[in-house]
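Here is a short report on a helical-content question: what does the fold hold, and what sits at its surface and in its interior? Please read it alongside the coordinates.

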Amino acid sequence: MDKKINSLKNRIESYKTSSNVLKSFKYAFSGISYVLKTSRNFKIQLIFAVTSLMIGFLLQISQSNYVILIATIMSVLILEILNTSIESIVDLVVKKEFSSLAKISKDTSAGAVLLASINSVIIAVYIFVPKIKFLFESI
């Protein structure tokens with residue numbers, strides 16, 4: 001009985017906008033936690049993000065390049081979260097039925113993540129290759 005009451009309470013609260021800032025943060029972290037637990041791509045992107053930051057540290061990149069690197073990493077992670085959100089909404093609406101519009105929605109949101117990921121590789125090449133070249137030239 002308690003599970004039904006909690007489920008009903010959560011359903012009712014899900015339609016409201018929180019007036020409590022701390023609850024809003026809780027909901028936001030819950031969303032990030034969900035993506036971290038359920039999205040293989042988000043985990044892969046986090047691994048690349050941490051690796052990139054470590055390489056940046058080892059290569060002693062400038063502060064401005066660190067800001068560019070962090071902004072690029074955040075853009076990929078943000079888009080992956082939005083992609084997950086869009087896919088969930090589409091799945092909710094179409095249930096298990098095929099829909100060409102649902103496919104377009106899911107494919108285009110995945111395409112946005114792909115473009116951000118390609119952009120991140122371009123940024124990484126721009127930041128890291130000159131430093132790596134310098135290391136090899138100084139040997």
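Buried means under 20% relative accessible area, exposed means over 50%, and partly exposed is in between (1.4 Å probe, protein chains only). By that scale D91 is partly exposed, at 38% relative accessibility.

This is a predicted model, in which local features need pLDDT of at least 70, side-chain atom pairs count only at pLDDT 80 or more, and totals for chains, interfaces and linings use all residues. Residues are numbered from 1 along each chain as its sequence is written, and side-chain values use heavy atoms, with hydrogens and water left out.

**Overall fold**

The protein has five helices and zero strands. Helices (H or I, at least four residues) and strands (E, at least two) are DSSP runs, numbered from the N terminus. Along the sequence the pattern reads α-α-α-α-α. Of the 139 residues, 20% are buried. Contact means heavy atoms within 4.5 Å. Take the contacts between residues at least 6 apart in sequence: 65% of them join residues at least 24 apart. The exposed surface comes to about 10,900 Å², and carbon and sulfur atoms supply 69% of it. Accessible areas come from the Shrake-Rupley method with a 1.4 Å probe; for residues, only the protein chains shown count as cover.

**The nonpolar core**

Which residues make up the largest nonpolar core? There are twelve: V35, F42, A49, L59, I61, L69, I73, L77, I123, A124, I127 and F128. The elements that give two or more residues to this core are α3, α4 and α5. Helix α5 gives the most, with four residues. A nonpolar core is a set of buried Ala, Val, Leu, Ile, Met, Phe, Trp, Tyr and Cys residues joined through side-chain atoms within 4.5 Å. In soluble globular proteins, nonpolar side chains tend to be buried together.

F128 is a core member. Setting aside neighbours within four places in sequence, F128 is in contact with S52, I55, G56, L59, I61 and L69. L59, I61 and L69 belong to the core as well.

**Loops**

S39 lies in the loop between α2 (21-38) and α3 (40-58). Is S39 buried or exposed? It is buried, with a relative accessible area of 8%. Beyond its neighbours within four places in sequence, S39 is in contact with E80 and T84.

Q60 has a positive phi of about 55° although it is not a glycine. Q60 sits in the loop between α3 and α4 (63-94). Its relative accessibility is 64%, so Q60 counts as exposed. K95 also has a positive phi of about 55°, and K95 is not a glycine. K95 is in the loop between α4 and α5 (100-137). At 63% relative accessibility, K95 counts as exposed.

**Salt bridges**

The structure holds two salt bridges. A salt bridge is a side-chain nitrogen of Lys or Arg within 4 Å of a carboxyl oxygen of Asp or Glu. Side chains of opposite charge can pair when their charged atoms come close.

| Pair | Closest N to O |
|---|---|
| D91 and K106 | 2.6 Å |

D91 and K106 form a salt bridge. This pair links distant parts of the chain: D91 is in helix α4 and K106 in helix α5, 15 residues apart. K106 is partly exposed, with a relative accessible area of 24%.

Because they are four residues apart in helix α5, D107 and K103 are separated by about one helical turn. D107 is partly exposed at 42% relative accessibility. K103 is partly exposed at 43%.

**Nonpolar surface**

V21, L22, F25, F29 and I32 form a nonpolar patch on the surface, with about 550 Å² of accessible area together. Patches are made of residues with over 30% relative accessible area and no salt bridge; like charges are joined within 9 Å, and nonpolar side chains (Val, Leu, Ile, Met, Phe, Trp, Tyr) within 5 Å. L22, one of the patch residues, is in helix α2. L22 is exposed, with a relative accessible area of 68%.

L115 lies in helix α5. L115 is exposed, with a relative accessible area of 59%. The C-alpha atoms of L115 and L79 are 9.9 Å apart, and the two residues are 36 residues apart along the chain.
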